[in-house]
Amino acid sequence: MIFVGIDVAKDKHDCFICNSDGEVLFNAFTIQNTIEGFNFLYQRIESVSKDFNKVKVGLEATGHYSYNLLGYLLDKGLTTFVINPLHTNLFRKSLSLRKTKTDKIDAHTIAMMLMSNVDLKSYSDILYHNEELKSLTRYRFYKVSERAKLKTTVSRLVNILFPELEKLVPSLHIKSVYTMLSEFPSAHHIAEAHLTKLTNLLHTASRGRYGKDTAIGFREAAKNSIGSDMPAKSLELKHTIKLIQELTAEIEEIEAEIKHIMDNINTPILSIPGISYTMGAMIVAEIGDFSKFSSPDKILAYSGMSPSTYQSGQITNSYSHMEKRGSRYLRYALYNAAKYVCHWDETFKNYLAKKRTEGKHYNVAISHAVKKLVRVIYHLQKTGQSYQAV
C-alpha cells in the first residue's frame, strides 16, 4: 500500500510519499498550487503504483484552499481522505515530545496517520459535489437575509412617505405595490399622478387584480396623507426597491440551480410534505454524509438543537435551553422545515397539537417536532424509502 500525505497551503502544497513498510519513496517535496504542480504530484504517485486501489492520499481540511486539489485527486480516481487539522496535531504530538511543526513534518504526519490505519473515512465524489450544494444553499441564505433587511427599510420609508398605504394592501412587498412606488415614491407623487397612468400601471403589475377603483382609492388616500414630501427619502425608496428586485432575480436563479442538483440527487427527504427544494437542499448539504452519524441524536447535536445540561453539586437546571452550537444553517433549515411539515402533514400536525395541549410554548413544541422530523429524515436516508404518513 502507498500512502501520500499532503499539507495544503494557499500557494503551494508539501507532499510526502511512503509505503506500508515505512520505506520513504519520495521525501518531503513541494508542489505549486497549479495544474503543473498537480500533474507533477500525480506522476510521482503513478510512478510508484499503477494500481490506485493500493494508494491512499490524505490532506488536511483547510477550507477552500484544498478544494481544487481534492477535486483533481478524485477525478484521477485516487482514494482521498480529508483529515481534521486537530486530529493531525494530536497525532503529531503522540509521535514526539519535541515541539516541532513545519509543513513538511505535517505532510509526513498525515502519511503516518494513513499508515496507522486510524478510523478515517475516504472522501467520496458525492461528498465533493455536495460542497456545491452547500455553497449554493448558504449563498441563498445570505441573499435572502440581505433582502429581508431591505424589506425592513422599505417598510420604514413608506411609514414616512405614505403611512396609510400599509392598510390599503395585503402587503407592501408585492409586485404591484413595488411597481407603483418605483414610479410614484411618496404620497405626494401618487396624489398628483394621472389617474389613467396609475390605473394602467396597477392593472398590469397586478395582472388585472387592481383596476381603476383601486387607483382612485390610493390617490384619495394619498391626498389626505400625513406622509412627508422628502425627495431624499423618495430616492432611497426607489433605489431600495430596485435592489430588492435584483436580489429576487438572483435568488430565483440560485433556486433553479439548487433544484437541478436536487433532481439529480433524488433524495427521499423531498417526499415529506412541507419540505421544499430549498429547505431539503440545505438539510442534505449541511448533514452531508449521513453515515458519519450513528443515530438521529448525533444529527441533533451537530445542529445544536440538543437540550443543554447544567449540573453542579446539588444544583440541576430545571429549564433546558438548546445548545445552539454546530451548524446554524442546519438549525435554521430544520426549524423552518418542521414548521411547514407540521402545517402540511396530518401526523406532525397532531403531534404539534399534542405538545401544545401539554402546555408547551410554540417554539418548544416545534423543537420536539424537529426531533421527530430528524428521526424520519435519518430513516428515509438510511433506507432510501419515501415518506409514508402513519
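1. Buried here means under 20% relative accessible area, and exposed means over 50%. The structure is a predicted model. By that cut-off, 42% of the 390 residues in the protein are buried.

2. The protein has 15 helices and eight strands. Of its contacts between residues at least 6 apart in sequence, 63% join residues at least 24 apart.

3. Helix 9 takes in residues 212-223, twelve residues in total. The distance from its first C-alpha to its last is 16 Å, close to the 16 Å expected at 1.5 Å a residue.

4. Which residues of helix 9 are buried? They are Ala215, Phe218, Arg219, Ala221 and Ala222. Viewed down the axis of helix 9, these buried residues fall within an arc of 165°, so they line one face of the helix. Lys212 and Asp213, on the other side of helix 9, are exposed.

5. The cover over the buried residues of helix 9 includes helix 6 (175-183), helix 7 (187-191) and helix 8 (195-205).

6. Two packed helices are described by the angle between their axes and the distance between the axes. For helix 11 (residues 277-287) and helix 13 (residues 328-344), the axes come within 9 Å and cross at roughly 145°. This crossing of helix 11 and helix 13 is left-handed.

7. Helix 11 contributes Met279, Met282, Ile283, Glu286 and Ile287 to the contact. From helix 13 come Tyr329, Leu330, Tyr332, Ala333, Leu334, Asn336 and Ala337.

How values were computed: Residues are numbered from 1 along each chain as its sequence is written. This is a predicted model: local features need pLDDT of at least 70, side-chain atom pairs count only at pLDDT 80 or more; totals for chains, interfaces and linings use all residues. Side-chain values use heavy atoms; hydrogens and water are left out. Helices (H or I, at least four residues) and strands (E, at least two) are DSSP runs, numbered from the N terminus. The expected span of a helix is 1.5 Å times one less than its number of residues. Buried means under 20% relative accessible area, exposed over 50%, partly exposed in between (1.4 Å probe, protein chains only). The arc is that of the directions from the helix axis to the C-beta atoms. Contact means heavy atoms within 4.5 Å. Axes are lines fitted to C-alpha atoms, for helices over the stretch in contact, and angles run from 0 to 180 degrees between N-to-C directions. A crossing is left-handed if the near helix is turned anticlockwise from the far one by less than a right angle, and right-handed if clockwise.
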